[in-house]
Amino acid sequence: MQRLFALLTWLAFPVYVWQGLGVRRRTTRMLPAQGPVLHEIRGTTPAIALLVLGDSSAASVGIEQSENGLAAQLAGLIAERTDRTVRWRAAGFNSATSGQIRDYVLPNFSADPWTHIVLAIGTNDTKNFHSVPRFKKEFGGLLYALRAKWPEARVVWSPVLEFTRAPAMPPLLGKILEIRATEMNRMGVRLCNERGAVPAARLPITDPEAGFASDGFHASEAGYRAWAEHMVDFVLGNEVLTPV
């Protein structure tokens with residue numbers, strides 16, 4: 001039934017275009033956060049090397065300082081849990097889709113020895129009305145490329161956000177995109193399971209007023225904190241959460 005609804009969203013494409021243009025006109029385009037995109041938290045060895053890769057959320061768009069963004073807050077939580085040194089990098093690209101990260105970012109990315117990779121990608125694939133087969137090809141190819149470049153890294157994907165909870169979304173547009181996001185997430189989980197990555201649970205949005213930035217779409221500082229707290233167990237997995 002859900003897949004039938006996803007097919008029916010194509011009939012609502014004119015609504016998507018009309019309301020989407022309205023959202024774009026009303027929404028202020030926010031820039032990536034200022035501050036470091038690479039940093040190290042000193043602790044014991046062996047070190048954890050964390051890469052947060054993806055779209056504007058990986059770039060901490062929506063807040064002013066990068067130390068309050070997803071990568072920095074996640075690195076801090078990992079350091080607290082393990083007492084280990086954590087070297088982290090935030091590699092976020094405004095409006096990026098899975099295919100763009102696969103085709104334009106990874107080929108130009110140095111093969112630093114990342115031990116943990118968090119993927120924050122898929123929202124723009126959904127928002128841009130990419131089809132599920134296209135997402136399968138592009139996100140699936142991205143997973144293949146990551147496994148080829150970092151075969152021993154733990155790769156964790158954070159699924160597409162709940163569009164109906166974003167304050168910037170008109171109810172009908174949010175519902176249309178949410179139906180498509182559900183199908184994207186279903187495919188993303190399948191691909192992760194098939195291709196050696198870990199699909200995290202979807203981030204629960206309990207307080208949209210606090211969790212979103214002023215544009216009503218990107219996360220606020222509190223939102224990034226909640227996201228990091230949600231992701232840390234998926235990132236660490238079965239690793240011993242005590243000093244080593």
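A salt bridge is taken here as a side-chain nitrogen of Lys or Arg within 4 Å of a carboxyl oxygen of Asp or Glu. The model is predicted, so that local features need pLDDT of at least 70 and side-chain atom pairs count only at pLDDT 80 or more, while totals for chains, interfaces and linings use all residues. Residues are numbered from 1 along each chain as its sequence is written, and side-chain values use heavy atoms, with hydrogens and water left out.

The structure holds eight salt bridges, one of which joins the side chains of Glu183 and Arg186 at 2.1 Å, N to O. These two residues lie three apart in helix 7 and are therefore separated by about one helical turn (helices being DSSP runs of H or I, at least four residues, numbered from the N terminus). Glu183 is buried, with a relative accessible area of 7%, whereas Arg186 is partly exposed at 38% (buried, under 20%; exposed, over 50%; partly exposed, in between; 1.4 Å probe, protein chains only). In helix 9 (residues 221–236), Arg225 and Glu229 are four residues apart, again about one helical turn, and their closest N and O atoms are 3.1 Å apart in a salt bridge.

Glu183 also belongs to the contact between helix 7 and helix 6 (heavy atoms within 4.5 Å), where the residues of helix 6 include Phe135, Lys136 and Phe139. The axes of helix 6 (residues 132–149) and helix 7 (residues 171–194) come within 10 Å and cross at roughly 35 degrees, the axes being lines fitted to C-alpha atoms over the stretch in contact, with angles running from 0 to 180 degrees between N-to-C directions.
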